[in-house]
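The following exercises are to be worked with the sequence and the model at hand. Each task is followed by a solution in steps.

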Amino acid sequence: MRALSRRGFASALAGLTVAGAFASGPVFARPFDEVMASGVLRVAIYDDNRPFSEAAQAGPRGIDADLARAIAERLKLKLDLRVVDAGENVDGDFRLNLWRGDLAGTPLADLMLHVPHDRILATRNEQIFLTNPYFEQRLAFAYHRGRIEGFEGVRDLEGNAVAVEGTSASDSLLMNAEGGRFRGQVRHFRSFDEAAKAYLAGETPILAGTRAGIEAALAAAGVAGEDNPVVEVPIPGLVRTRWEIGGAVRSDSRDLAYAVGDALAALAQEGRLKTICATYGVTYAPPQGY
């Protein structure tokens with residue numbers, strides 16, 4: 001959950017890893033007419049953010065990487081795709097990639113993807129402007145049907161270990177559910193990938209995370225299906241279990257945000273977003289209004 005960060009209100013980007021060099025030039029964000037005149041759209045996506053984006057030997061891959069390509073194609077622009085590391089908070093991501101830049105003078109991105117569509121975040125960062133959202137993240141669980149008869153609510157955690165990424169939204173949800181009643185069942189891992197590996201190895205009967213992350217992990221392991229159901233269950237508490245992600249541009253580039261929003265709407269209507277998600281085993285979850 002990247003409401004204020006890439007993983008569940010908890011991390012964002014500080015350092016840079018460039019996958020595909022930007023053309024040289026001054027450090028500034030560009031309004032839409034300048035982007036169109038240049039013929040190139042500069043897009044920043046996150047590394048180590050499967051299934052949405054990651055650096056790979058053959059080039060950036062993931063839902064956001066494919067979406068960036070589709071947006072550029074829709075706008076009839078070449079794509080200059082940058083993969084960046086997550087830092088402490090998304091405010092720093094904006095500062096480094098969209099409006100201030102780094103000490104080396106690397107040209108800023110025109111668009112940044114996988115940004116929480118959050119009003120408070122936008123208000124706090126007056127230098128940026130959010131595009132329309134393109135996906136709804138949801139917290140979910142997978143469970144081994146052979147070890148658990150069913151999973152219909154948080155009380156089914158009783159007596160069953162659950163693998164989860166530490167400091168994630170799912171972790172906060174589980175640790176605080178019913179006053180911390182299930183804390184003894186929670187097994188923390190450094191990343192969601194490690195939690196998923198433990199679950200797939202049979203170390204725990206339950207896996208917690210985002211639905212997209214769980215579905216992609218099961219698909220990559222070839223075990224998606226009836227033996228490993230993915231469910232969303234109501235869990236009372238203060239942690240949000242659903243949130244929308246979209247893009248961000250600099251505040252003086254709002255016309256670019258509108259153009260990107262139109263492209264996103266068209267890609268959703270055409271079924272392209274659904275197809276992109278399916279490539280990674282993920283069910284497309286349209287945001288409200290799509």
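**Exercise 1: Aromatic pairs**

Across the whole structure, which is a predicted model, a search finds 5 aromatic pairs.

Task. Classify the pair formed by the rings of F141 and F151, and state which parts of the chain the pair ties together.

Solution. 
1. A pair of aromatic rings is described by the distance of the centres and the angle of the planes.
2. For F141 and F151 the ring centres are 4.9 Å apart and the planes stand at 40°, so the pair is tilted. The class follows because planes under 30 degrees apart count as stacked, over 60 as edge-to-face and the rest as tilted.
3. F141 belongs to strand 4 and F151 to the loop between strand 4 and strand 5, so the pair ties together parts that are 10 residues apart in sequence.
4. F141 and F151 are both buried.
5. Elsewhere, ring pairs link F52, F135 and Y284 into a cluster.

**Exercise 2: Strand 5 and its partners**

Task. Determine which strands pair with strand 5, and in which sense.

Solution. 
1. Strand 5 comprises residues 162-165. On one side V162 and V164 are buried, and on the other A163 and E165 are buried, which leaves both faces of the strand covered.
2. Strand 6, residues 186-189, runs parallel to strand 5 and is joined to it by 4 bridges. Within this pairing, H188 of strand 6 is the bridge partner of V164.
3. Strand 7, residues 206-210, pairs with strand 5 in the parallel sense over 2 bridges. Here A163 stands opposite L207 of strand 7.
4. Strand 7 also pairs with strand 4, in the antiparallel sense and over 5 bridges. In strand 7, L207 stands opposite A142.

**Exercise 3: Helix 5**

Task. What is the handedness of the β-α-β unit that contains helix 5, and what covers the buried residues of this helix?

Solution. 
1. The unit consists of strand 5, helix 5 (residues 169-176) and strand 6, and the unit is right-handed.
2. The buried residues of helix 5 include A169, S170, D171, L173 and L174.
3. Among the elements that cover them are strand 4 (128-143), strand 5, strand 6 and strand 7.
4. After helix 5 comes E178, which has a positive phi near 50°.

**Exercise 4: Two helices in contact**

Task. Describe how helix 2 (residues 63-74) and helix 8 (residues 254-269) are oriented towards each other.

Solution. 
1. The two helix axes come within 10 Å and cross at roughly 110°.
2. Helix 2 and helix 8 are therefore roughly perpendicular to each other, because angles of 65 to 115 degrees fall in that class.
3. Helix 2 contributes L67, A70, I71 and R74 to the contact, and helix 8 contributes V260, A263, L264, A266 and L267.

**Exercise 5: The chain as a whole**

Task. How many helices and strands does the chain hold, and what share of its residues is buried?

Solution. 
1. The secondary structure comprises 9 helices and 9 strands.
2. Of the 290 residues in the chain, 54% are buried.
3. Among contacts with a separation of 6 or more, 74% are made by residues 24 or more positions apart.

Terms used:
Residues are numbered from 1 along each chain as its sequence is written. This is a predicted model: local features need pLDDT of at least 70, side-chain atom pairs count only at pLDDT 80 or more; totals for chains, interfaces and linings use all residues. Side-chain values use heavy atoms; hydrogens and water are left out. Buried means under 20% relative accessible area, exposed over 50%, partly exposed in between (1.4 Å probe, protein chains only). Two strands pair if DSSP finds at least two bridges between them. A crossover is right-handed if, with the strands pointing away from the viewer, the path from the first strand over the helix to the second runs clockwise. Contact means heavy atoms within 4.5 Å. Rings of Phe, Tyr and Trp (its six-membered ring) pair if their centres lie within 6.5 Å; planes under 30 degrees apart count as stacked, over 60 as edge-to-face and the rest as tilted. Axes are lines fitted to C-alpha atoms, for helices over the stretch in contact, and angles run from 0 to 180 degrees between N-to-C directions. Angles under 35 degrees count as roughly parallel, over 145 as roughly antiparallel, 65 to 115 as roughly perpendicular and the rest as oblique.
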